[in-house]
Structure formats: structure tokens, C-alpha cells
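Please read the following note alongside the coordinates. The points are numbered so that each can be checked separately.

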2 protein chains.
Amino acid sequence: MTITIKDVAREAKVSVASVSRALNGNGGVTAATEQRIREVAARLRYVPHGAARSLITRRTHTIGALLPDLHGEFFSELIRGIDLEARSHGLHLLVSSSHDGADDAAAALRAMQGRVDGIVILSSPGVDAEFLEANLPEGLPSVLLNSDVKSGTAAVLNIDNFAGTYAMVRHLVALGHARIAFVCGPKDNYDARQREAGFRAAMAKLAPGEPLRIVSGNFSESSGYLAARELLAGKTRPQAVFAANDMMAVGCLQAFKEAGLAVPGDIALAGFDDIPIARYVTPPLSTVRVRIAELGKNAMDLLADLMDRPGSSAASVHTLGCDIVVRDSCGAHRGGAATTTTTTKKPRRSSSR
Amino acid sequence: MTITIKDVAREAKVSVASVSRALNGNGGVTAATEQRIREVAARLRYVPHGAARSLITRRTHTIGALLPDLHGEFFSELIRGIDLEARSHGLHLLVSSSHDGADDAAAALRAMQGRVDGIVILSSPGVDAEFLEANLPEGLPSVLLNSDVKSGTAAVLNIDNFAGTYAMVRHLVALGHARIAFVCGPKDNYDARQREAGFRAAMAKLAPGEPLRIVSGNFSESSGYLAARELLAGKTRPQAVFAANDMMAVGCLQAFKEAGLAVPGDIALAGFDDIPIARYVTPPLSTVRVRIAELGKNAMDLLADLMDRPGSSAASVHTLGCDIVVRDSCGAHRGGAATTTTTTKKPRRSSSR
DNA sequence: TTGTAGGCGTTATCAC
DNA sequence: GTGATAACGCCTACAA
């Protein structure tokens, strides 16, 4: 059937050991024999069997990505970023999406055993500290994304949701909008919680007198639509609405249009994520840009780092900053974009935040 | 280090054979011992080593996906579709994107040897019949997507670009637009070629007298913008513009707006793909919907089929139909949407088209 | 029912 | 420089 190293050895009249040496360029073989072996191998279209090689080498040259779902811009961009960087490290990518919560994720994690050299895990409701404690294979280098678990063994990389939200509120306030309402995301989502916290902190500091107006959504367009209707039904209409993600902002936009409100004339609007659609709605949506592909790239780099020096339980926390991108939806087109810098916190396990 | 079947065997005071039997549920082991073994395995957090198991089992429970790139809606939706169906077959997904052409793809294909049970290949310029002949591991079940190569060993699955374009032209003509211009895609892209062919055929049949107006683009938004400017610069302005994909249509839309033209009042516009953005531009874009996730699902099903009965060189050609979705950009909102049916051609290797 | 042993395809460690 | 041969972790005859 499929041809093995033995076939090459027989054909080239050498031992399998020599074939291995020649093909792996480890030296210890004459240029002449190496040449001959390479020719035979090429002629026979010999390709080493990955699993067999991994077994003895203890390396798969593959990293795993465990995601809750593959739906939407965020995930595809993230995978793209990871993949791009993985390639440049000479690594392959095994993706696994767990739709059905923690059990599913646990199974996926098990299946990765012996198939990957490291793993990137995007946190999701069921995937918390104790889950990882129980299911993460020991000694497997891993990077946690958008998670508040402080793992002793994994590196953690987060988006700076807090600073991003804060910056956007500052921008809105600077534009003269003090009565800002917030459409928050699902409570069990880490990013959503951070964004809401950022909003609360920013309002407390930047618009101290204003009563907090927060309505709940679930990151979906329709939930944004509903939230906007709820806001519009209130007695005092907000001057600006800040949605915790772009899709909800798009939903708000729809509701505003239906209500005959001009954006930003009658009401300003801002989102979070900067998904491609944000640029194409009318008016173009001001938002907080998350450089998702870069997040993936950084995660991969972090992982590669962990993989290079195994055992070094470099549990570290990193944060990727985000910019605010000003378009038309919150009025007063301005040039600059505030940028949150990327920071890295070293091992300190204290609960500093 | 990582714990193996031997550790479980020792701890449970049985042989490795019994552990294997117990854990794989093959029977031939007392309920009592199985119970004990399972407990020990759970306590030790034993997880079989994938590579080792694959080596003897000859199965990896993994399929590979070879894509030219991971950028854009199309790829992410495709992966999603594949992944979803792969999961339901109990298979994992190894993605590999080859950015640098054929050599890159060849390397990726080699690396998959022994790591996957089957493979889905999305065609790209360098990946043609002879490439596959040379690089596709023999006996590895494979499905080709959007490709015109008639492989003897692989199943082929295509979008019905031809019928989709044809249907859209019919719709435009029915709306009273006879002077339809076409913005085509890159010449080295299979889908692009098919769409142009569909347009030519449709125009010849449905608007016989009209001179053909075709300008070239490359599927990018900016190329669409440029193409529209070129069209507008001509002596007679077209009544409708049909872009070979949505991103180019979006570019056209921008150009029309800048030229002070109302869509669809002054000029109608249609695209192809139905990417999410299509719904959010103003006016919403009429387009030909490609059910990309379904394409991925079907590809996976085809592959699973091939994997089930190995050796059966069931080279077959399948086509996935597409609908036209009518929004506001081409005038006269109508309800229904023409649908191209999904067809399957059996083994016939003749060049029927 | 259970254990022993051989082999999957490769690399690594020895001898020669 | 080259060739046996022992791992790597697992499954599966075959024997007990």
C-alpha cells in the first residue's frame, strides 16, 4: 500500500537508518549515498508517516485551537491570525470547535492528546479554571484567550476591553454627549463583563452626575434592536448609545432608523469590535477596534515561546490594547484615534488588576 | 511524564491488553475488571496517545482541509460548514492554508500524510490536475472543491456558478434592464470563469441584440470601484451592472454614489455570493446566494462516503445550486427567489457540461 | 477471561 | 559512514 521507509531502503540498497539520516539531513552519510537515497525517495514518492514520526520524536509540529464556535468574524479572524503565525513557525493547525459546552470541550481536549505540541484555548462559559485543571493535559503548553482564569500553567492573553470602553466613553463625552446609555453583552461572557466594567468606571469618572442607563443584550443584532427600542421607550432619550459589540450596534441603528431618528444628528451610536460590516452601514459606525488577527498571532507567539522551553511554568498575563476608530455615527469627525498600549504582566500571581 | 497504558495496567494489576480492551469497549473482559480499569484510568487521567493509536489503527479520525487562504467570508464559512459536519462524523479538522502557491500546497499535502484519513481541497491557481496527480497521496480519499479538474480518484464538488449568473441575468432582463454590464473576476479563478461564461450565455439568449460590455476586476472592492468608474466613463451608461462577486459590487456602489447616481433609480446593481455585508449596504444588495456552509457540509459528506468504502475510486462530479436573493439594489422588489437545484452527476468521465 | 508477544513506521543508540 | 536493533504507545492475534 502506502510506501514506507523500508521500501526506500530496499530500493536504494541501504538500511532504513541511512534513509532516515539522509532524508533528515542529520549528516553521517556520504554525499553520494544521500544523493542516491533522495532520488529513490523522490521516485517512489516517499513521504514519512506523520504519526509514526511523532511517536518517537515526541513532536507533532501541530498546535491545537479550541474554540467555542466557528461562527462570525471574530473566530475566523482569530483562526486566520493563529494560522498565519503558526505557518511561519512551521506548525500546523488542528481546530476544534466545541458547540455543546464543557463536556464537548473536554472530549476535544482529550482527542488532542498526542496530536498537538501546544494549544490555544478561547474561553467560553463552561471553560473555567477548574475545567482546565481537570482537563488540560499536564505539561502541554497552552495559551488562554479572553479569560479571567489565573492558571498556574498557562499563559493568558486578553483584549483590553476595559481600556477600550473607557476610551470610547471619553471620546463621546468630549463630543458633548453626557447621557450615554450602554447595551451590554451576555453576563457569562468575559469580554462582555469587562466592557461593562469599563463603561461603569468611565462614566463614574467622566460623567459623574449622570445616572447609569444600562440595558442588556446578548451580542446579537436582534438583541441590539430590542435594547434600542427599550431605550427609546424611556422618558429621556439618551444622547448616545454605546453597544458592547458591533452587531448590537447595527441592531440599534435599525431601530433608530425605524423611529425616524437621525444618526448622529438625533442620537449618537458606537460599537465595539470593528467587524467589516461596521464600515459599510450608513452612517459608518464608530467603534473600538480589536485587532483580532493580531490577537491570534500574539497567542501563537506566546505558545511558541512556551513550547521552546518546556517545563518553565511561565504563567503570565498579557493584554492586547485596542484603538477607537472614529467614523460618522457619533458625530464630529475627528482625525486621531486613541490607542491603548499593549502591555505584558510578568508572572506575578497576585490578583492585581 | 505523560502517563501511558502501561501505567494504567500496572496500577490496575492487569495487562496492557486488558486495559486496551476495557477502554475500547471491545468486550472480552469482566465487568468487574473493566470497572476497575476505568476507575484507575480516570484517576490517572489517562488519555490514549493519538499518534500511537493511529499508527496501529490506520485511522486518525481527522480530515484535512487545504485552502489557498483563510481570508474573507467564503473561507470562514466553508471551514465552518466542514467542521460542523466533521464533528457529527466524529472527525477532527486539520486546516492548512497555502499562501505561496503550488509549492506551498505540495508541502502542506505532504505534511498531511499519516495525519488525516481524507482531505478536502479547495482549488486555487497552482492546484490543477497535474499537481494533484503528482502530490495527492495515493489512496487518500479526497474531495475537490470549485475545480474543473476531472480527477480519476477524487470527487469533485462545484457551485453552480453558471446557473446562478444565468438566473440573475434573467431577473435583470425581466425587470427591463437590457443594457447589462458585467464586472468579471480574476481569469485564473475557476468560479470567476464560470460566472463570466454564465453571463455570456445568458446575454446571448436573453438579450440577443445587446453588445456585450464586460470589464475586468479581481474580486476586490477597489477593483469593483475602478470597474464602475470605467463603465461610467463610457458613452452609454449601462442600465444595470452585475458584478461577479459582492465585494466588487460594493465597490461599484461607492463609485455610483460618488458620481451622484441613485441605485437602483439611475442604475441597477447586483452581486454574487451573498456575503453578510450585502444586507447592510444602502441600498441592500441583490445577489446570488451561495450556501457556503452547505458547500462545506456536502464536501464533508462526500468525503465521509469515500472514506467508508476505500478503494472504490468513485470519481464523481457534484454541483450545488444557488438562489438569487432580490433586495433593493436592482429595483422592483419581488418576493420569490429562483432556485437552482442541486444535481449530482455519477461517475461518467465524459466532458459533458 | 486474561496475558504474552509481535508489529505499526519512524528515529536514536549503539556497535562495527 | 553504515547497519542492526531497541524504543515510542498502542492494538490485536494467539496462547494459556
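1. The domain bounds used in this note come from an automatic or database domain assignment. The model is a predicted one, and for chain A the assignment gives domain 1 (5-57), domain 2 (62-159 + 293-320) and domain 3 (161-291 + 322-344). The C-alpha centres of domain 2 of chain A and domain 3 of chain A are 29 Å apart.

2. Between these two domains of chain A, 14 residues of domain 2 are in contact with 13 residues of domain 3, and about 1300 Å² is buried between domain 2 and domain 3 of chain A, with 52% of it on carbon and sulfur atoms. On the side of domain 2 of chain A, the residues that lose the most area to domain 3 of chain A are A:Glu73, A:Ile159 and A:Leu320, which together account for 40% of what that side buries.

3. The count of salt bridges between domain 2 and domain 3 of chain A is two, and seven residue pairs, both residues at pLDDT 80 or more, are in polar contact between domain 2 and domain 3 of chain A. Which elements give two or more residues to the side of domain 2 of chain A that touches domain 3 of chain A? They are strand 5 (155-159), helix 12 (292-308) and strand 11 (317-320) of chain A, and strand 11 of chain A gives the most, with four residues. By class, that side of domain 2 of chain A holds six nonpolar, five polar and three charged residues. A salt bridge in chain A pairs A:Arg193 with A:Asp148, with 3.1 Å between the closest N and O atoms.

4. Turning to the two chains, chain B is superposed on chain A by a rotation of 180° with 0.0 Å of shift along its axis, at an RMSD of 0.1 Å; that is the relation of a two-fold axis. Of the interface residues of chain B, 100% are also interface residues in chain A, so the copies meet through the same surface.

5. At that interface, 48 residues of chain B are in contact with 48 residues of chain A, and the area buried between chain B and chain A is about 4300 Å², with carbon and sulfur atoms giving 52% of it. B:Arg87, B:Arg115 and B:Tyr280 supply 15% of the area that chain B buries against chain A, more than any other three residues.

6. The rule finds two salt bridges across the interface of chain B and chain A, and a salt bridge joins the side chains of B:Asp104 and A:Arg87 at 2.7 Å, N to O. There are 21 residue pairs in polar contact between chain B and chain A, both residues at pLDDT 80 or more. The elements that each supply at least two residues of the side of chain B that touches chain A include helix 4 (50-57), helix 6 (102-112) and helix 11 (246-258) of chain B, while the largest share, eight residues, comes from helix 5 of chain B. That side of chain B has 21 nonpolar, 15 polar and twelve charged residues.

7. Some backbone geometry deserves a check, because most residues other than glycine have a negative phi, and most peptide bonds are trans. The peptide bond from A:Thr282 to A:Pro283 is cis, with omega near -5°, and A:Pro283 lies in the loop between strand 9 (268-273) and strand 10 (286-289) of chain A. In chain B, a cis peptide bond with omega of about 5° joins B:Val263 and B:Pro264, and B:Pro264 is in the loop between helix 11 and strand 9 (268-273) of chain B. A:Arg45, although not a glycine, has a positive phi of about 55°, and A:Arg45 is placed in the loop between helix 3 (31-43) and helix 4 (50-57) of chain A.

Terms used:
Residues numbered from 1 in each chain as written. Chains lettered and ligands numbered in written order. Predicted model: local features only at pLDDT ≥ 70, side-chain atom pairs only at ≥ 80, totals over all residues. Heavy atoms only, no water. Least-squares fit on C-alpha atoms with pLDDT ≥ 70 in both. Contact = heavy atoms within 4.5 Å. Buried area = accessible area lost by both parts, 1.4 Å probe. Salt bridge = Lys/Arg side-chain N within 4 Å of Asp/Glu carboxyl O. Polar contact = N/O pair within 3.5 Å; in protein donor to acceptor, adjacent residues only side chain to side chain. Nonpolar A, V, L, I, M, F, W, Y, C, P; charged D, E, K, R; others polar.
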